[in-house]
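Please look at the chain before reading the points below.

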Amino acid sequence: MLFLLAHGRPPPRKPAPPAAVTPSLQLVLDSLSVPAFVKTPTFQIVAWNRAAVAVLGDYAAVPERDRNVLRRVFQPGSENKVHHVEDVRRACLASFRVDIARAGQSDEATALIDELMETSPDFRRLWDEGEIRSHGGFQKRLVRPDVGEIVLESSVFHVEGSDGLSMLVLSPANEASARALAQLVQRSGT
């Protein structure tokens, strides 16, 4: 963290093969009845569960490059799709800084930063602010026409023995959200 503050970038790291989602980790994801996914330090989504598909969309139907949370929240038009987009962008970028500081700078992180600096004025503005904060504790609000508002609270768990993988779990914040979530998952039948 101090290296990041002093130099404005994470420490260099030796290239490592991408972390794999083990069968046991996928089993944990599949056993959860709430939306959950596994992401890399560069916010690339590499695994997800049935509830995530029902609530957030089918990541398998999205090109791999577009399964990146930062690309999604900073893409043009996301302000029309994401509730409280400024707060979401700020939280994602601040957490991204922590993740890449822990993992060390990689070519993938550098390329993503360079791409977003070029394509998103909001990314440039927030990057220059330099905010740092860890994951978790944020709320995600969704509105689905068939079930209404769903309020989800996030928790993030680091995957031991992986190269920086973490699992983000979105739990219902209230009974109405739990019922709506269960309806969406049941209807999805995936």
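What percentage of the 190 residues of the protein count as buried? The share is 41%, where buried means under 20% relative accessible area, exposed means over 50%, and partly exposed lies in between (1.4 Å probe, protein chains only). The model is predicted, and local features need pLDDT of at least 70, side-chain atom pairs count only at pLDDT 80 or more, while totals for chains, interfaces and linings use all residues. Residues are numbered from 1 along each chain as its sequence is written, and side-chain values use heavy atoms, with hydrogens and water left out.

**Overall make-up**

- The protein has 8 helices and 5 strands; helices (H or I, at least four residues) and strands (E, at least two) are DSSP runs, numbered from the N terminus.
- Along the sequence, these elements follow the pattern α-α-β-β-α-α-α-α-α-β-β-β-α.
- Of the contacts between residues at least 6 apart in sequence, 57% join residues at least 24 apart, a contact being heavy atoms within 4.5 Å.
- The accessible surface of the protein is about 10100 Å², and 54% of it belongs to carbon and sulfur atoms; such areas come from the Shrake-Rupley method with a 1.4 Å probe, and for residues only the protein chains shown count as cover.

**The sheet and its helices**

- Strands of a sheet pair through backbone hydrogen bonds, either parallel or antiparallel.
- Here 5 strands form an open sheet in the order E2-E1-E5-E4-E3, with antiparallel pairing; two strands pair if DSSP finds at least two bridges between them.
- Strand E2 (45-48) and strand E3 (139-144) are the edge strands, each pairing on one side only.
- From one strand to the next, the twist averages 30°.
- Strand E1 (residues 36-39) and E2 run antiparallel and are joined by 3 bridges; lysine 39 has isoleucine 45 in E2 as its bridge partner.
- Helix H2 (residues 23-31) packs on the sheet, touches E1, E2 and strand E5 (166-172), and has a direction about 60° from that of E2. Axes are lines fitted to C-alpha atoms, for helices over the stretch in contact, and angles run from 0 to 180 degrees between N-to-C directions.
- Helix H8 (residues 175-188) also packs on the sheet, touching E3, strand E4 (148-158) and E5, with its direction at about 85° to that of E4.

**The largest pocket**

- The largest pocket has a volume of about 1000 Å³.
- Its lining consists of 34 residues, of which Val69, Val73, Val82, Val88 and Lys140 lie nearest the centre.
- Two or more lining residues come from each of E1, helix H4 (69-74), helix H5 (85-103), E3 and E5.
- E3 gives the most to this lining, with 6 residues.
- A pocket is an open set of points on a 1 Å grid over the protein atoms alone, where a 1.4 Å probe fits, with protein on both sides within 12 Å along at least five of seven lines; lining residues have an atom within 4 Å of a point.
- Grid points are joined across faces, edges and corners, and a volume is the space filled by probe spheres set on the points.

**Two residues**

- Serine 33 lies in the loop between H2 and E1 and is exposed because its relative accessible area is 58%.
- Not counting residues up to four places away in sequence, serine 33 touches Ala51, Leu181 and Val185.
- Methionine 117 is in helix H6 (residues 107-119) and counts as partly exposed because its relative accessibility is 25%.
- Leaving aside neighbours within four places in sequence, methionine 117 is in contact with Phe123, Arg124 and Trp127.
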